[in-house]
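Have a look at it first.

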Amino acid sequence: MEIRTLAQLSFAGKQVILRCDLNVPMKSGAITDDGRIRASLGTIKLLLENNCSIVIIAHLGRPKGEINQELSLEPVAQRLGILLGREVKFSRQILGLQASTNLLKPGEILMLENIRFLDSETSKVEQEREQLAQELATYGEVYVGDGFGAVHRKHASVFELASLLPHAAGRLVAAEVEVLKKLTQNPDRPYGVILGGAKVSDKIAVISNLLDKVDVIAIGGGMVFTFLAAQGKQVGKSLVQIDLIPTVKELLDQAEQKNVEILLPTDIMVAREFSESAPATLVQADQIPIDQMGLDIGPVSSATFANAISRCKTVFWNGPMGVFEFANFANGTKSIARALIEIKGMTVVGGGDSAAAVRELGFRDKQFGYISTGGGASLEYLEGKQLPGLVALS
Ligand code: AMP
């Protein structure tokens with residue numbers, strides 16, 4: 001399945017409906033990491049250079065079909081305006097805008113309020129999504145899909161809307177797909193994958209699908225405790241998804257049969273409680289005290305993981321190794337980031353949260369081969385799934 005690129009779309013001088021992923025992390029109304037806005041600039045600038053007017057559709061968080069001022073895109077429109085050095089108009093109204101969008105002149109940009117304030121955007125009922133898409137389609141002449149972080153969603157502005165107008169993928173989506181293709185079709189070996197983050201349930205399918213392609217998988221983060229529990233280890237109060245222990249056991253067996261090395265931590269930083277101020281204690285992975293929880297991988301494990309990936313020519317990383325938001329438990333994630341930036345081959349950091357984590361820890365985008373803006377989307381691609389937002393752009 002090939003996606004249509006901008007080179008295959010006649011868009012010069014037209015009014016473009018541009019679906020972006022501007023789902024940035026916010027704290028008390030302020031944007032804490034504008035990576036996704038910056039990642040959208042390439043396509044926006046190209047459209048402006050070609051005398052387009054642009055109607056931007058995007059979402060923020062999960063308002064579940066209700067208006068929630070904390071999830072307004074207004075601060076995002078302001079930040080985009082600053083980054084572009086030109087006005088970005090903002091409309092709180094989402095529906096009934098055909099007349100006003102018709103008045104946009106070449107070079108003008110209008111961003112609509114969080115599309116997920118409407119429950120039809122994410123509705124499970126196809127007709128409801130279709131109806132919203134019909135309305136949105138009246139706002140422009142062509143559709144450009146550039147919201148990579150949302151392409152795994154069958155949502156009105158991602159899926160149905162694309163099919164109603166001449167369409168193509170924007171530069172960001174095209175670049176993301178190019179990288180993911182490389183990771184799945186012809187990666188240089190050895191190929192290493194580092195997985196972390198909170199839940200093992202989010203990563204099971206990707207591990208399973210990658211077993212035929214990779215040489216080593218290193219696992220940290222909250223998800224690792226389900227693996228340690230599956231090996232019969234005592235994990236204390238650590239995060240565990242008990243129902244997945246049998247699946248994890250099966251995965252470990254499959255990995256062995258396929259000669260894929262699964263690296264699990266041998267030392268763990270633990271604490272009595274999940275708190276910023278909790279002191280960290282180092283223990284062996286099979287000696288986690290019953291009243292403590294693992295919140296980061298230990299230094300020996302970090303070194304082992306770093307050493308394993310240093311031999312690789314392709315590395316994909318998704319998910320922090322520990323609770324990086326707490327200074328006492330950020331070292332594992334930092335060590336992996338440090339190891340990754342030394343690698344000469346292709347390095348990909350997958351996911352808005354992982355990307356935000358490495359930036360928060362003081363690393364710069366340029367130090368990595370490629371930073372993907374979509375965590376869920378890139379994982380689903382690596383699982384081998386067809387992503388609705390890409391199918392719609394093909
Ligand atoms: P994800 O969204 O699945 O990538 O998970 C990211 C989150 O996992 C971060 O907010 C981390 O704080 C959290 N996390 C990482 N390691 C642990 C751990 N050992 N226990 C609990 N949460 C963790």
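The lining of the second largest pocket splits into seven nonpolar, five polar and four charged residues. Here Ala, Val, Leu, Ile, Met, Phe, Trp, Tyr, Cys and Pro count as nonpolar, Asp, Glu, Lys and Arg as charged, and the others, Gly among them, as polar.

A quick word on the model: it is predicted, so to speak of local features pLDDT has to be at least 70, and side-chain atom pairs count only at pLDDT 80 or more, while totals for chains, interfaces and linings use all residues. Residues are numbered from 1 along each chain as its sequence is written, and side-chain values use heavy atoms, with hydrogens and water left out.

Back to that pocket. It holds about 310 Å³ of space. Of its 16 lining residues, Met1, Val177, Lys181, Tyr381 and Leu390 are the closest to its centre. Helix H7 (residues 171-185) gives the largest share of the lining, six residues.

On a 1 Å grid over the protein atoms alone, a cavity is a set of points where a 1.4 Å probe fits but cannot get out; a pocket is an open set with protein on both sides within 12 Å along at least five of seven lines, and lining residues have an atom within 4 Å of a point. Volume means the space filled by probe spheres set on the points.

Around the largest cavity you'll find Arg19, Tyr143, Gly145, Asp146, Gly147, Val151, Val158, Gly389 and Leu393. Strand E7 (residues 142-146) supplies the largest share, three residues. Helices (H or I, at least four residues) and strands (E, at least two) are DSSP runs, numbered from the N terminus.

Now the cysteines. How many disulfides are there? The count is zero, a disulfide being a pair of cysteine sulfur atoms within 2.5 Å. Cysteine 20 is buried at 1% relative accessibility, and cysteine 312 is buried at 5% (buried means under 20% relative accessible area, with a 1.4 Å probe and protein chains only).

Finally, the ligand. Ala198, Gly222, Gly294, Gly322 and Glu325 come nearest among the 14 residues around it, where near means a heavy atom within 4 Å. Some polar contacts (N or O atoms within 3.5 Å) are listed here:

| Residue and atom | Ligand atom | Distance |
|---|---|---|
| Alanine 198, polar backbone atom | oxygen | 3.0 Å |
| Glycine 222, polar backbone atom | nitrogen | 3.1 Å |
| Glutamate 325, polar side-chain atom | oxygen | 2.5 Å |

Note on methods
Buried < 20%, exposed > 50% of the residue type's maximum accessible area, 1.4 Å probe, protein only. Polar contact = N/O pair within 3.5 Å; in protein donor to acceptor, adjacent residues only side chain to side chain.
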